[in-house]
Each structure stands twice: as structure tokens, then as C-alpha cells.
Amino acid sequence: MLILDKIRAAISKGLTAINLWGGGQEVTQDFRQKARKMWKAFIFFLVGIAGLFIFLSLTKMPSLEELENPINDFATEVYSPNGEVLGRYYIENRVALHYKDLNPYLVKALIATEDQRFYQHAGIDFEAVARVATKTIFMMDRSAGGGSTITQQLAKLLFSNRDFSDMGFIRKAFSLVFIKLKEWILAVKLESRYTKEEIIAMYLNQFNFINGAYGIEAASETYFGKNQKDLELHEAATLIGMLNNPALFNPKRRPLKVIGRRNTVLQKMVENGVLDEKTYLKYAKMPLDMTKFKVESHSDGSARYFLMEQRKDIEKILALPECKKPDGTKYNIYRDGLKVYSTIDPVIQKKTEEAVNEHMAEVQKRFWSEWKGLDPWKADPDKIPLEIRQDGLRDAIRQSDRYYSIREVYFDDAFQKLKEKSKIQGLQDKDLEMLFKDINTKKYFKEKLAKREISEDKVQKLKQLQDLDEWPSFKEAWLNFQWAVKKSFDTPVRMKVFAYGAPNQERDTTMTPLDSIRYHHMILQCGVIAIEPSTGYIKAWVGGVNYKRFQYDHVRTNRQVGSTFKPFIYATAIEQRGFSPCFPVADIQYTIKQGEANFEIEEPWIPKNSEGRFSGRSMNLYEGLQKSVNSISVYLIKQIGDTYPIRGMLHSMGIDSNARRYDGEYRIPKQPSIALGSADLTAYEMTAAYATFANHGIFVKPTSILEIRDKNNKLIYRSIPEEQVAISKPANNAMVELLKNALKEAAGFVGTTSEVGGKTGTTNDHVDGWFMGITPQLAVGTWVGGDSRWIRFRTFANGQGSKMARPIFSKLIGKLEKLPDVYDAHAKFVRLPPPLDIETNCARYSNPNASVIQQGSKDEEMDKEFEQEHL
């Protein structure tokens with residue numbers, strides 16, 4: 001009714017004005033009629049607008065709940081125990097701020113520039129609209145600007161969908177008017193739901209400042225490397241100036257335009273009375289400092305491998321019914337602004353990364369030296385077929401950004417048409433490469449079928465592609481695509497490559513993209529994890545040598561474990577068969593026959609020692625583990641008589657004995673070869689199991705997440721410790737003594753104060769180097785190797801676990817011993833008081849070398865260490 005009354009009053013005033021005007025002048029009747037028609041048209045326009053507003057208010061609009069809880073994408077933050085932010089998970093890097101936390105410069109600059117009458121209007125500034133309309137329509141001044149208030153701009157950010165793609169000019173114009181009017185209504189509704197201060201905070205939190213910075217906090221960090229509270233006046237003005245058009249006023253690309261816009265903001269502040277002229281002149285002369293510009297991403301900072309892997313654990317937790325939102329929907333790690341409280345210790349993490357960088361630089365240097373003048377993709381064809389290596393190289397090419405950019409130009413359209421016509425599910429470029437190989441050789445598929453590396457059905461479907469009418473044009477597109485790929489990957493270009501010792505581990509060079517792929521594939525990788533034994537808290541996690549370049553995590557990667565598995569055989573023999581570390585065992589060749597005990601083998605198993613010979617003398621378990629003598633482990637598993645007790649102990653130490661590999665086989669095989677490390681396990685699992693030895697035989701399930709809370713600090717999840725006794729205290733006491741003895745003569749521990757124990761491991765052809773180390777406060781697992789099996793050392797001297805992996809542990813402990821506030825170097829393993837159920841003092845074995853037995857001794861040439869045996 002109020003709107004109608006205003007319209008009626010406007011009509012009356014308009015008609016009266018015409019009559020007065022006509023009465024005072026010689027005006028023709030025709031003019032009066034035209035004037036009346038114009039007024040009526042204007043009035044009908046107002047009525048139409050009013051009707052449109054009523055209509056729009058009845059269309060689909062945000063509900064009351066949506067207005068009170070607008071959709072904001074806030075980054076989930078991960079905190080260390082000391083409150084430090086380790087990193088964020090986000091699609092839009094955004095941090096929610098309250099009005100009271102905003103820098104006053106930002107608020108003053110925002111109001112002065114964007115909405116000077118902000119505190120006088122209720123969402124729509126009709127005075128500003130009239131001013132813009134007058135200047136734009138009547139004075140043809142396109143620089144008049146917009147009439148949008150801050151509230152209208154917030155409505156646009158929160159609820160508008162301005163997708164005009166596939167629209168003609170007329171439809172686009174009507175859609176734009178429709179949306180604009182709808183935003184007016186939303187602005188009024190927002191004003192009725194929120195205070196002015198809340199609207200300002202919401203707007204600055206929501207705005208996209210580009211370069212991955214969503215919201216004022218992220219923008220401040222991205223462009224100036226500081227918290228928004230610490231912004232100086234000219235810096236705050238720079239960010240507020242971006243609100244007009246962030247792409248046009250991009251500080252990184254258009255500094256001169258940005259300075260001009262910044263000074264406009266400062267001038268507006270002067271005009272609005274919140275800044276004096278003297279201060280304006282001071283800051284208007286300031287240069288634009290972009291030296292701290294940095295796009296926030298997960299490849300920056302500390303613990304990036306950990307953050308990426310922890311994300312998977314968080315997603316699993318959030319999928320639990322008890323961890324969902326009140327309405328039953330799942331929290332979104334990228335949008336809901338969660339707070340994750342982690343166990344990672346920033347200091348231990350930093351020292352672990354330092355130890356990794358220092359040692360891996362040395363390892364890589366030795367690697368380059370060994371392979372100088374040789375090609376890993378061609379050398380030693382008897383070890384790994386060359387075809388497998390070339391396939392690996394082609395896989396790397398297909399995964400590169402360069403390949404995809406070429407594909408988009410030459411092949412994407414043709415490929416999409418081919419997929420539609422062929423109806424082959426999951427058709428890939430690799431399949432097409434095989435097809436063209438078969439076309440060229442006439443025998444490729446035949447060989448693959450013989451090796452059972454491809455199905456007959458897939459071969460037939462691929463061959464049928466040649467029967468399509470589009471095949472000639474598709475073939476031409478494919479060949480052009482392959483030619484373009486080869487040309488691009490064989491053409492030298494300037495680029496940055498990974499390099500130890502270079503700034504940010506990158507150096508400029510010129511090489512072909514193909515050589516770059518080969519080069520980076522030859523960088524050795526590592527996986528290191530440190531766990532606090534008593535709590536299971538993960539204190540450090542390094543999944544590779546450089547996350548920016550190599551984003552594949554190696555802490556949870558399955559690799560053959562080699563001799564690091566032997567302590568589990570010893571522990572089972574001590575726990576379940578009553579062996580003492582002092583028990584003497586003859587170093588001879590032992591055989592497990594088919595059908596013997598409960599071993600599931602189809603033929604006799606006759607393993608050898610690493611050097612291909614047996615001493616024939618007697619040695620106790622201390623010496624057997626320290627020297628990693630295969631025959632001792634074989635003897636012990638013969639006495640155990642089954643793999644079941646070993647697999648059961650591992651299960652109680654957190655390694656699922658029922659889990660299977662992708663090929664259906666058990667991850668912990670049931671064959672006796674596990675005594676020599678045939679299982680493929682992860683550094684994560686192995687370290688958790690070794691932590692049991694350092695925790696009195698009690699396994700504590702590892703965790704990296706203490707709590708998860710929502711953005712309002714409501715508790716979503718809290719970790720509950722899970723532990724179980726895996727080994728009896730007497731048996732575990734013996735194992736700790738065995739592991740300590742294994743490092744008595746090891747290099748790298750001179751001057752070490754900490755009690756340390758551990759075991760190395762090296763697998764076939766020096767592919768994997770391992771070291772599992774324990775102290776009373778930390779269990780540290782380390783794996784080192786190449787991503788592909790042919791990326792390996794050629795000699796045992798450089799490729800053994802004691803050279804590849806153990807120094808990371810010794811370097812880390814050395815660094816931590818200098819930090820008494822973080823690590824207690826004087827902590828001791830708990831020792832059981834005498835009398836001991838299991839004897840660990842071997843003084844009574846005065847002459848362990850007395851018994852010399854030649855039976856089973858052999859002189860044939862063998863590999864350097866047992867771990868190189870095919871098991």
C-alpha cells in the first residue's frame with residue numbers, strides 16, 4: 001500500500017505540474033497531451049517496477065536459514081601442539097574474521113571508497129542510484145561508476161549466479177536486469193538480518209582477491225606476507241582498491257595501475273574526513289612493495305607430504321555417522337573452516353627435513369657418480385626388461401602438463417568423437433599406443449596375449465576401431481598429435497629443474513622436456529616417519545625430497561622390507577619358543593622341505609647367506625641379528641614351525657595379517673620366505689610396529705589427529721588412544737637388547753648420548769634401502785630408493801641400507817640431542833629387574849666360535865647380502 005500511495009502522489013504531482021506549466025504559458029493542447037502521456041508512461045514504469053519487485057520476492061530466493069548462514073568457503077586449518085598453523089586445506093584460501101579483528105584502515109578505506117552513506121541506507125542507496133542514473137543517462141558520463149552499496153555487493157557475492165554463457169544480447173540484458181533487481185531485494189533482507197559491522201566483515205571475508213587469495217586475511221598474506229592486522233595504511237588501501245576490479249588492479253601484473261588506484265582510495269579517505277592531507281601525501285608517495293608476494297599452496301612450507309596424507313584420514317573421520325553435521329550431511333574439509341589439532345611437532349619436523357635434505361644430497365651425488373656415462377633405461381637388460389622401462393618413461397610423458405596442452409590442440413576433439421563411436425569404457429591414450437604398435441609390427445597384441453598382459457576382448461575392441469568411418473581422420477589426428485609431442489619433448493628449452501644446493505632447490509638450465517622427465521625420475525626418494533612410542537603420536541613425516549617437484553608420498557608406499565623384518569622372527573622365537581638372545585645357532589645351510597611342519601610351500605626352500613657361504617661356526621642371536629645372517633633367521637622360523645605365530649604377532653603390532661595385495665596374495669605371505677623380508681609393507685606400518693619394542697611391548701595405534709572442531713569451535717572428533725599388549729615384557733626386554741646390540745659397531749653414532757637400537761635392510765639389486773631405529777622417545781622409520789626399480793645403485797657399497805637410509809636417523813638424533821626442551825637424550829629404555837625370565841647376559845658363553853661345522857657350506861658365487869635373494 002505504501003508503494004501505491006507514493007505512485008498516486010507522484011501522479012497527482014505530475015499532473016498538477018503540467019497544468020501549472022500549461023496555465024502560465026502559451027502551450028498547445030497537443031503538447032499537454034504528449035506531456036500527460038509521458039508522465040503516464042513513467043508512472044506505468046514505476047508500477048511495473050513495483051510489480052516486478054513483488055514478483056521477484058515470490059520467486060526462488062535464499063531462505064531465512066540461508067540468509068542467516070550464507071555459504072562461505074573457509075579454509076580448514078591444521079594446528080601443531082604449540083598452536084602453530086602447519087597448513088590449510090582449501091579450494092579458496094579463506095580465513096573467517098570477525099569485525100572486531102579487522103584492521104581499522106581497511107574499514108575506513110572500504111566505506112570511503114565503496115559506500116560513503118553505508119550507515120545511512122538500508123541496503124539500497126537511492127540517492128547514489130539517482131546520481132549514477134542522471135550522470136550516465138542524461139550527461140552520458142560512463143565514469144559515473146556504479147550505485148551498488150556494500151550490502152548489494154555482498155548479496156552479489158553470496159547468492160548471485162552471473163553465468164551468461166550461451167546467451168544472446170537481449171537475453172543477457174534481461175537476465176542482468178533480473179539479477180540486479182533480485183540483488184536489491186537480497187540486500188534489504190541482509191540488512192534486516194545482520195548488523196552493519198557483520199556485513200562489512202562478511203564482505204571482506206567473501207571477496208576474491210585473485211592469485212588464490214579469497215578473503216582479506218588470505219589477500220594480506222599473499223600480497224604483503226603479513227597478517228591483515230599488521231597492514232600499513234597504503235597496503236590496506238591497495239587491497240581495498242582491488243575491490244573495484246581485481247584483475248585490472250592486480251598488484252603483481254599492473255603495479256602502475258595499482259598505485260594509481262591505491263592513491264584514489266587514499267584521496268577518497270581524505271574527502272570522507274578520515275584522513276588528513278599530510279598523511280595522504282606521505283603514503284601516496286610510497287612504492288608498491290611486492291617482494292613478499294607469495295601464492296599460498298600446499299607445496300610451500302613444512303610438513304606438506306604429511307598434510308596431503310592427513311587429509312585422507314580427516315575425510316575418513318568426517319564420513320563417520322557420529323562426525324556428521326546435525327542435518328546428517330558431511331563436513332567439507334575445503335569449505336567448512338574446520339580446525340584440526342595435530343600431533344606433528346614443528347621442531348622435530350624441521351630437524352627431520354634437515355636430516356633428509358643433508359643426507360639425500362650426499363646419496364644423490366653418489367648416485368650420479370655411479371651412473372656417469374650410463375643410461376638407467378638401457379643398462380642391465382637382464383635385470384628388468386627394457387620394454388618395461390620405456391613404458392614407464394612414456395607413462396611419465398603422458399602425465400605431464402606439456403603433453404596435455406599439446407593434446408588439447410591436436411587430439412582432444414578427435415578423441416572425444418572416437419570415445420562416443422567406439423563405446424569402449426575407459427579408453428586411454430595408452431590403449432591407442434598399443435593399437436598403433438600392433439598396426440606397425442603385426443605381432444604386438446599376439447605377444448601381449450601370450451604373456452596374459454591384455455585380454456582378448458580388449459584386443460578385439462581396439463582392433464574394431466579401424467572399422468569406423470571416422471578412422472582415417474582419427475588416424476591423421478593421432479599421427480599429427482604424436483609428431484607434435486615428439487617435436488615438443490625433443491626441443492631444448494629454458495627451464496627450472498630440481499637441484500640440491502640451489503636456491504629453493506631449483507636451478508635454471510636448458511634441456512629437452514624429455515631429458516627433464518628422465519632427470520627428475522632419477523632423483524632418489526625417501527619416506528621418513530617419527531612416532532612417539534608411548535602415545536602413538538606422529539611427530540614428523542617426510543614423504544619425499546621436495547613436495548613441489550615430487551608429490552608422491554613414500555611413507556605409505558608399499559616396498560619390500562628386507563632384513564628389517566628379521567626382528568619380528570626373533571621376537572616370535574623368543575616370545576613363543578623361549579629362545580634367549582644368547583642361544584647359540586650353527587651358521588650352516590638349513591632347508592625347509594615340502595610339507596615340513598605347517599609351512600605352505602610346493603618345493604624345498606634352501607636359502608643362502610649373503611656372501612654365498614656359511615662359516616659353520618656357532619653364533620648367538622645377538623651376532624646373528626647384528627650381522628643379518630640369513631641362516632640364523634631360517635633356523636628360528638624352522639623352530640617356530642609355522643608362519644601363523646609370526647603373522648599373529650605382526651597383527652598385534654598393527655600390521656593387518658589378513659590384508660591382501662592387489663593380486664589377491666597376502667601382504668604378509670604365509671611362506672617361510674618372510675623370515676628374510678619378502679613382504680611389501682610401508683614405512684608407516686613398520687615404524688608403528690618397531691615403536692612397540694620401544695614401548696615395553698605395548699602397541700599404540702599411531703595417530704596424527706587429536707581433535708577436529710568446526711569453525712564455531714564445536715567438537716566434532718576427539719582421538720581415543722587404542723593400545724594392546726603385543727609382546728610380553730621379558731621378551732620385549734630381550735628384543736630391545738638385541739636391537740641396541742645391532743648398532744654397537746654401526747657408523748654414525750659416535751658421541752651419541754641417546755640409547756639407540758635398530759635394524760637395516762637392503763632388497764634385491766639394491767632397490768630399497770631401509771633403517772628402522774628406536775630410542776626411548778622416538779621410533780623412526782626410513783626408506784630410500786627410486787620410484788622405479790631400475791633407479792637404483794649398481795653396487796652394494798652404496799646401495800645398502802646402512803649407507804642409503806641409516807644416516808638420516810643418526811643425523812636426526814644428533815640434531816635433537818642439541819634441543820633438550822624437545823628431546824631428552826638421557827632417557828633410558830625400561831629394564832626389568834633380575835632375575836630375568838629370559839637371559840640377556842651372555843658372559844657364560846665364553847667361546848661361541850668353538851663349534852665349527854662344515855656341513856652345507858658352499859663356495860658358489862652369490863649376491864652381496866641376503867636381501868638381494870629372490871624370495
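1. The side chain of Arg366 lies 3.4 Å from the backbone oxygen of Lys803, and a further polar contact, also at 3.4 Å, links the Arg366 side chain to the side chain of Asn798. A polar contact is a pair of N or O atoms within 3.5 Å; within protein, one must be able to donate a hydrogen and the other to accept it, and residues adjacent in sequence count only if both atoms are side-chain atoms.

2. This is a predicted model, in which local features need pLDDT of at least 70 and side-chain atom pairs count only at pLDDT 80 or more, while totals for chains, interfaces and linings use all residues. Residues are numbered from 1 along each chain as its sequence is written, and side-chain values use heavy atoms, with hydrogens and water left out.

3. Arg366 belongs to helix α14, residues 346-370 (helices are DSSP runs of H or I, at least four residues; strands are runs of E, at least two; both are numbered from the N terminus). Leaving aside residues up to four places away in sequence, Arg366 touches His359, Phe793, Asn798 and Lys803 (contact: heavy atoms within 4.5 Å). The C-alpha atoms of Arg366 and Phe793 are 8.7 Å apart, although 427 residues separate the two along the chain.

4. Arg366 is classed as partly exposed because its relative accessibility is 24% (buried is under 20% relative accessible area, exposed over 50%, partly exposed in between; 1.4 Å probe, protein chains only).

5. Elsewhere, five strands form an open sheet of mixed pairing in the order β2-β1-β3-β13-β14 (two strands pair if DSSP finds at least two bridges between them). Strand β1 (residues 76-79) runs antiparallel to β2, joined by four bridges, and Glu77 stands opposite Arg88 in β2.
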